Every structure is written in structure tokens, then in C-alpha cells.
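Today I shall present one protein model to the group.

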Amino acid sequence: MTSTFLWVPFTLAAALAQVFRNAFQSRLTGRIGTAGGTQVRFVFGLPFAVLFLAALVAITGQDLPAIPPASWGWAALGGVTQIAATALMLVVMSRRDFGVAYAYIKTEPATVAVLGLVLIGDRLPALGWLAVLVVTIGVVLASLRPGDGAGDLADWKSLVVGVVSGALFGLTAICFRASIEAVGEGTFLMRSLLMLVTSLAIQSGVMALWFVFRDAQAFTHSLREWRLSVPAGALGALASAGWFIAFSLTMAANVRTLALIEMPVVALVSRYMSGRWLSTREWAGFALITVGVAALMLAHA
């Protein structure tokens with residue numbers, strides 16, 4: 001495998017870990033509320049991220065590079081937007097079918113492509129833009145059933161909240177990529193894991209302030225539900241490590257577009273949770289996702 005496609009396995013591993021982390025968080029939200037479910041990926045994920053970074057230092061003997069002010073700024077912005085995006089995602093998942101919620105949220109690649117161009121100058125080739133469009137259409141087609149999001153006011157609120165969540169996740173991806181790029185020293189693994197720990201530390205600090213001043217029970221309840229909280233944190237750290245490493249190797253739009261190949265996994269999880277079989281519409285959506293991902297790979301061949 002050449003370095004050109006080194007981001008691919010990290011992206012696929014991150015996407016798989018994220019699917020199962022989201023499932024754990026969705027279950028937690030039903031038990032301990034949105035704030036409790038949101039903080040798990042950050043507060044419980046931070047110790048695992050520190051372990052990843054410590055293992056890298058121990059194995060390679062590398063020194064930790066200095067973190068410039070620009071990296072701190074991008075990490076802080078990305079950390080706050082990811083907290084907001086995660087909270088909105090869990091709200092949608094608590095109101096809608098797991099697969100339908102993903103359709104709303106996974107409009108993200110289009111946002112990432114536009115924001116990447118505007119904020120940090122990441123330019124996709126023409127075929128890359130086509131891949132983003134085709135994959136996004138595919139994920140919506142695969143996830144939405146007739147009548148979803150077009151019924152009462154609650155449906156439309158879920159649609160709006162889901163799309164906003166996806167947009168914030170898109171902004172988060174750009175911020176984290178920019179934070180890694182701003183670190184001038186170290187290997188891509190070192191820079192990625194260093195900024196992962198930094199971002200999770202910032203996010204844990206923000207959530208700690210929330211607990212102190214607004215909702216201390218959200219944290220204590222997550223401790224009570226440790227059998228779900230700990231694996232959710234571990235999977236969250238693993239997924240985030242994959243995302244950060246992939247962001248250090250290629251444009252965020254590439255990463256988030258390829259990540260939509262996770263949809264078949266989501267469909268299986270959704271089918272397990274809802275007890276329904278895949279429809280012709282869903283298979284058509286998966287076909288479009290496959291075509292879009294193939295176009296993305298061809299654009300970088």
C-alpha cells in the first residue's frame with residue numbers, strides 16, 4: 001500500500017468503531033439523558049487516548065512536539081462544536097429510528113467539502129465533488145423510508161436538528177485537521193494523537209464545567225452505568241484516533257465521504273434494533289454509496 005491511500009484503513013477502522021460507539025451512546029442517552037450520553041465519548045475516552053499517546057512515545061522514543069497557539073485555537077473550536085454536534089445527534093437518535101437519524105446526520109460530507117475549501121483551502125478534484133454528491137444521495141436513499149421527515153412538526157424538527165448536527169460535525173472535522181496541520185514537528189502519528197489528547201482534554205474540561213454548574217447527576221449516572229460508559233469511551237477514543245490520523249494524511253472531505261461506507265453496518269445494526277428487513281430502496285442507496293466511494297478512490301488514483 002502506498003502512502004497515497006494510507007488514510008483509507010484508518011478511516012474504515014474509525015467508521016466501524018464509531019457505529020458501535022454511537023449505539024452505546026444512544027442506549028446511554030435513554031438511561032441518563034442527553035448530557036450524560038454526550039460526555040461519555042470525551043470524559044471516558046480521554047484516558048484511552050492518553051494510553052494511545054503514551055504507547056506511541058514508549059515504542060518510538062519520540063519527544064512530544066510543542067503545540068502552537070493556532071493548534072490550541074482550532075482544537076478548542078473543534079472541541080466545542082463536536083460537543084454540540086454529539087448532543088444534537090443523540091437528541092435525534094432518541095426521537096427517530098437509528099438508521100433514519102443517520103440519514104439526517106450524514107449529510108455531513110457536503111458540509112466538510114465546502115468548509116474545507118473556504119476555511120483551510122482544501123480543494124477536491126471534480127471527481128471528488130461528484131463522489132461527495134453521489135454518496136450523500138445514496139445514504140439518504142438508503143436510510144429514509146417513504147414518509148420519513150415529511151410528516152408532523154416533530155419530524156421536521158428532527159430533520160433540522162439532524163442536518164445541523166451533521167454540519168457541526170463537518171466543521172469539527174475541518175477544525176481538527178487544521179489543528180494537526182498547525183503542529184510543525186513530529187510524525188503524522190505523533191501529531192494526530194497529541195492533538196487528539198489535547199482536544200479530548202479541552203472537551204472534558206468543558207463538560208466538567210457543565211457538571212459543576214448545571215447537571216452533576218449526568219456524570220454520576222454515567223458512573224453508575226459504567227458497563228456502557230467504559231466501552232463507549234474506549235470505542236470513542238479508538239474512532240477519534242482513526243479520524244485524527246486520517247485527517248493528518250488527506251483532506252477531511254475524503255475521510256468523511258469514505259466513512260459513509262459504514263452504512264451497511266448501520267443498516268444491520270438498525271435492522272437488529274427494529275426487526276425489519278432491508279428494502280429495495282435501501283439496497284439502491286447502498287449501490288450509490290458504493291459508486292460514490294469508487295469515484296472517490298478513482299479521483300486519487
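A word on the source comes before the details. This is a predicted model, in which local features need pLDDT of at least 70, side-chain atom pairs count only at pLDDT 80 or more, and totals for chains, interfaces and linings use all residues. Residues are numbered from 1 along each chain as its sequence is written, and side-chain values use heavy atoms, with hydrogens and water left out.

The secondary structure comprises 13 helices and zero strands; here helices (H or I, at least four residues) and strands (E, at least two) are DSSP runs, numbered from the N terminus. Of the 301 residues, 52% count as buried. Buried means under 20% relative accessible area, exposed means over 50%, and partly exposed lies in between, with a 1.4 Å probe and protein chains only.

Let us turn to the charged pairs. Side chains of opposite charge can pair when their charged atoms come close. A salt bridge is defined as a side-chain nitrogen of Lys or Arg within 4 Å of a carboxyl oxygen of Asp or Glu, and by this rule there are five.

One of them joins Arg 256 to Glu 108, at 2.6 Å from N to O. This pair links distant parts of the chain, with Arg 256 in helix α11 (residues 252–258) and Glu 108 in helix α5, 148 residues apart. Both Arg 256 and Glu 108 are buried.

Which residues does Arg 177 pair with? One partner is Asp 122, at 2.8 Å from N to O. Arg 177 belongs to helix α7, whereas Asp 122 lies in the loop between α5 and α6, 55 residues apart. Asp 122 counts as buried because its relative accessibility is 12%, and Arg 177 is buried as well, at 10%. The other partner is Glu 181, with the closest N and O atoms 3.8 Å apart. Because Arg 177 and Glu 181 are four residues apart in helix α7, about one helical turn separates them. Glu 181, at 43% relative accessibility, is partly exposed.

A cavity is a set of points, on a 1 Å grid over the protein atoms alone, where a 1.4 Å probe fits but cannot get out; lining residues have an atom within 4 Å of a point. The largest cavity holds about 190 Å³ of space. It is lined by 19 residues, and those closest to its centre are Gln 18, Gln 82, Phe 169, Trp 243 and Arg 256.

Note on methods. 1 Å grid on protein atoms, 1.4 Å probe; cavity = no way out; pocket = protein on both sides within 12 Å on 5 of 7 lines; lining within 4 Å. Points joined across faces, edges and corners; volume = space filled by probe spheres on them.
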